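Dear colleague,

Please find below the structure that I am handing over to you. My findings follow directly after it.

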Amino acid sequence: MLPKTPAKGMRDFLPSEFALRQQILATIQKTYESYGFTRIETPAVENIELLTSKQGGDNEKLIFKILKRGEKLENSVETAELCDLGLRYDLTVPLARFYANNIGQLPSVFKSIQMDNVWRADRPQRGRFRQFVQCDIDVIGEESYLAEVELISATMQALNNLGFNDVTVRVSDRRLLNALAERCKIPDDLKQSVFIALDKLDKIGVTGVMEEIEQIAPGKAVEFINVISRITSSDNPLATCVQELGNFLPTEVKQNLSDILYITNQTVRNGKIVFDVTLVRGMGYYTGTIYEVSVDGLNSSIAGGGRYDKMIGRITGNDVPACGFSIGFERIALLLAERGVKPNVSKGCAVLVDKYLDKADIVKVMDACRVERKKKNVTVLKKIKNFSYQIKQLREQGYDEIYEYRAGNFNKIN
């Protein structure tokens with residue numbers, strides 16, 4: 001017997017499930033378009049050199065690699081030479097390549113939407129799959145905080161339109177983390193490991209983080225955690241952070257964060273935007289502002305992003321300012337399904353015909369349905385023996401009008 005279940009970490013979607021997903025995507029896209037973002041599409045498959053270019057952090061370990069074909073494969077002797085392509089693991093790295101390839105045809109400030117599948121050879125669990133949809137918006141070519149303000153505002157509005165009103169956006173800056181490490185005299189080659197440990201704060205707690213940092217940078221953990229504690233316990237965390245870091249923190253970082261927090265808190269209506277010194281974001285390509293979104297009742301974030309001003313330059317040779325935000329579509333879809341949200345689309349009209357109808361009657365039915373399809377969806381089905389059960393099923397599927405064709409007439413069923 002051949003397997004009937006999907007491959008591990010992959011899923012089938014029933015019509016009602018797919019309809020809800022499409023409804024969510026349509027809401028997100030419509031919101032983003034209202035902010036001037038335009039949709040693009042990149043291939044599911046990218047060159048392996050791009051996917052393994054040290055820009056994707058730990059996700060590069062999760063690439064589904066594609067074997068070379070034919071003669072190329074037969075002549076390869078090294079394992080590294082067996083693959084020349086891979087499935088994309090996110091949408092940001094392909095966007096950088098897309099921009100580099102099409103820069104002459106794009107505006108000086110390019111605002112893109114991407115809503116597509118990505119693949120990671122991850123361990124499947126609740127809310128985590130090997131094939132999943134990402135919803136990204138990015139602003140390329142805008143160096144000021146206006147990019148972050150637009151991204152945060154658009155994402156918050158999209159979440160609001162989906163019914164999320166208890167939203168918190170946590171904001172920080174990778175340059176601030178670097179300043180914090182310098183303030184605590186953590187060597188450059190150990191900083192990234194310390195940040196990875198700090199990123200586990202919500203999972204292993206302060207004690208666990210301190211123990212990990214002490215193993216990474218002996219003698220530095222206590223001061224590092226004490227500085228963070230003084231900042232997080234303050235009534236004004238950003239001001240305290242600026243005071244604690246002093247000259248280690250570049251002036252533009254402080255001003256940038258202050259401006260973003262002020263503007264977004266004045267303009268966003270469905271949540272709050274706060275500074276969080278413990279925010280890390282795992283992707284290695286972030287160079288400046290970073291942010292994550294959470295909702296009450298859910299431990300993990302539902303959206304996140306940041307500024308990555310160096311990524312495009314690794315392809316073109318010239319750095320281009322870039323900033324992005326990604327909604328965790330699968331978590332959003334799961335939350336809305338658990339809240340009982342149903343797709344609000346109508347299937348239209350169903351016409352039931354007797355199996356003994358002659359060809360002339362079928363032609364009449366099809367002609368009438370062709371006219372009606374200019375105004376609504378129409379499906380033609382053979383009437384089954386258990387007629388009442390068939391009607392019940394059609395109602396459950398969302399058909400507002402049901403007709404039975406009998407004796408040359410269309411009889412509406414109430």
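Arg183 is in contact (heavy atoms within 4.5 Å) with Glu223, Val227, Arg230, Glu244, Leu245 and Phe248, leaving aside its neighbours within four places in sequence. Arg183 is found in helix H6, residues 174-183; helices (H or I, at least four residues) and strands (E, at least two) are DSSP runs, numbered from the N terminus. Because its relative accessibility is 17%, Arg183 counts as buried. Buried here means under 20% relative accessible area, exposed over 50%, and partly exposed in between, with a 1.4 Å probe and protein chains only.

Please note that this is a predicted model, in which local features need pLDDT of at least 70 and side-chain atom pairs count only at pLDDT 80 or more, while totals for chains, interfaces and linings use all residues. Residues are numbered from 1 along each chain as its sequence is written, and side-chain values use heavy atoms, with hydrogens and water left out.

Thr207, in helix H8 (residues 201-216), counts as exposed because its relative accessibility is 55%. From C-alpha to C-alpha, Thr207 lies 9.4 Å from Ile225, and the two are 18 residues apart in sequence.

As to the chain as a whole, its secondary structure comprises 15 helices and 15 strands. Its C-alpha atoms fill a box of roughly 90 × 60 × 45 Å along the principal axes. Of the 414 residues, 45% are buried. Among contacts with a separation of 6 or more, 68% are between residues 24 or more positions apart. The chain exposes about 22000 Å², of which carbon and sulfur atoms supply 50%; accessible areas come from the Shrake-Rupley method with a 1.4 Å probe, and for residues only the protein chains shown count as cover.

Helix H15 (residues 387-397) has Gln390, Ile391 and Leu394 as its buried residues. These cover an arc of only 100 degrees around the axis, so they are on the same side of H15; the arc is that of the directions from the helix axis to the C-beta atoms. In general, an α-helix has 3.6 residues a turn, so residues three or four places apart point the same way. The buried residues of H15 pack against strands S12 (348-353), S13 (378-382) and S14 (399-406). On the face turned away from the buried side, H15 carries the exposed residues Ser388 and Glu396. Just after H15, Gly398 takes a positive phi of about 105 degrees.

The structure also holds six aromatic pairs. Rings of Phe, Tyr and Trp (its six-membered ring) pair if their centres lie within 6.5 Å; planes under 30 degrees apart count as stacked, over 60 as edge-to-face and the rest as tilted. The pair of Phe98 and Phe110 is stacked, because the ring centres are 6.3 Å apart and the planes are at 25 degrees. Phe98 lies in helix H4 (residues 92-102) and Phe110 in strand S5 (residues 110-119), so this pair ties together parts that are twelve residues apart in sequence. Both Phe98 and Phe110 are buried. Tyr285 and Tyr286 form an edge-to-face pair, with 5.0 Å from centre to centre and 70 degrees between the planes.

With kind regards
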